[in-house]
Amino acid sequence: MIKIAPSLLAADYKRLGDEVRRMAEAGADYLHFDVMDGSFVPNISFGPDVLRQVSDCGLPVDAHLMIVNPEKYIDTFAAAGARIITVHAEATVHLHRALQQIRAAGCLAGVAMNPATSPECLRYVLGDFDLALVMTVNPGYGGQKLIPACIDKVAEVRGMLDRAGLEAIVEVDGGVNEQTAQKLTAAGADMLVAGSALYGAPDAAAFMRAARG
């Protein structure tokens, strides 16, 4: 079944605890926790203290580190309660080492790619990660429209993993709504990160059912 991960970035921050519980009750599978440093992406968001506050929500937390030198913070976010830690291939010069560090911290290891980054960045770390995150918008802000060319990229990543005989999760983040979800899952996505469209839906549970297809 397709997994749904609400992005905390789109939540009402005045009611953060209630928003997390609302998504859990609506049937979410993970909580997507966007960490932005104002350097790798043009925005600043949450830190480990916030993650620690939401990590007992009943949903496993996927900490998406959109930060430079993520190695400095992997252990901190693991200790704060992350279940998956995802780093950007573009943000570290030692991707293999970072993935090893994530697994050593007891978390599943994810690799994220910006829209213009080739899936070739995965080739020499196949088997060293548990999740490949295809960004279908340029990271930094919520509410953007999906970049259509990235749908083919999802299929390319899925094919690369299948040919290698790997069962890593293919996650997609950016512009996910009830319409684009079907195209992304048809291309091979296993997990969809949903932000503005999900939190703004009149019925979050119905949105998730429609997105799963």
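Trainee: Is D49 buried or exposed?
Mentor: D49 counts as exposed, because its relative accessibility is 53%. Exposed means over 50% relative accessible area, buried under 20%, and partly exposed in between, with a 1.4 Å probe and protein chains only. This is a predicted model: local features need pLDDT of at least 70, side-chain atom pairs count only at pLDDT 80 or more, and totals for chains, interfaces and linings use all residues. Residues are numbered from 1 along each chain as its sequence is written, and side-chain values use heavy atoms, leaving out hydrogens and water.

Trainee: Which helix is D49 found in?
Mentor: Helix α2, residues 48-54. Helices are DSSP runs of H or I, at least four residues; strands are runs of E, at least two; both are numbered from the N terminus.

Trainee: Switching to α8. Which residues are buried there?
Mentor: A204, F207, M208, A211 and R212, in a helix that covers 204-212. Seen down the axis, they fall within an arc of 130°, so they line one face of α8. That arc uses the directions from the helix axis to the C-beta atoms.

Trainee: What do they pack against?
Mentor: β1 (3-6), α1 (16-26), α6 (178-187), β8 (191-194) and α7 (196-199). Contact here means heavy atoms within 4.5 Å.

Trainee: And what comes just after α8?
Mentor: G213, with a positive phi of about 85°.

Trainee: Last one. How far apart are D49 and K145?
Mentor: Their C-alpha atoms are separated by 30 Å. Along the chain, D49 and K145 are 96 residues apart.
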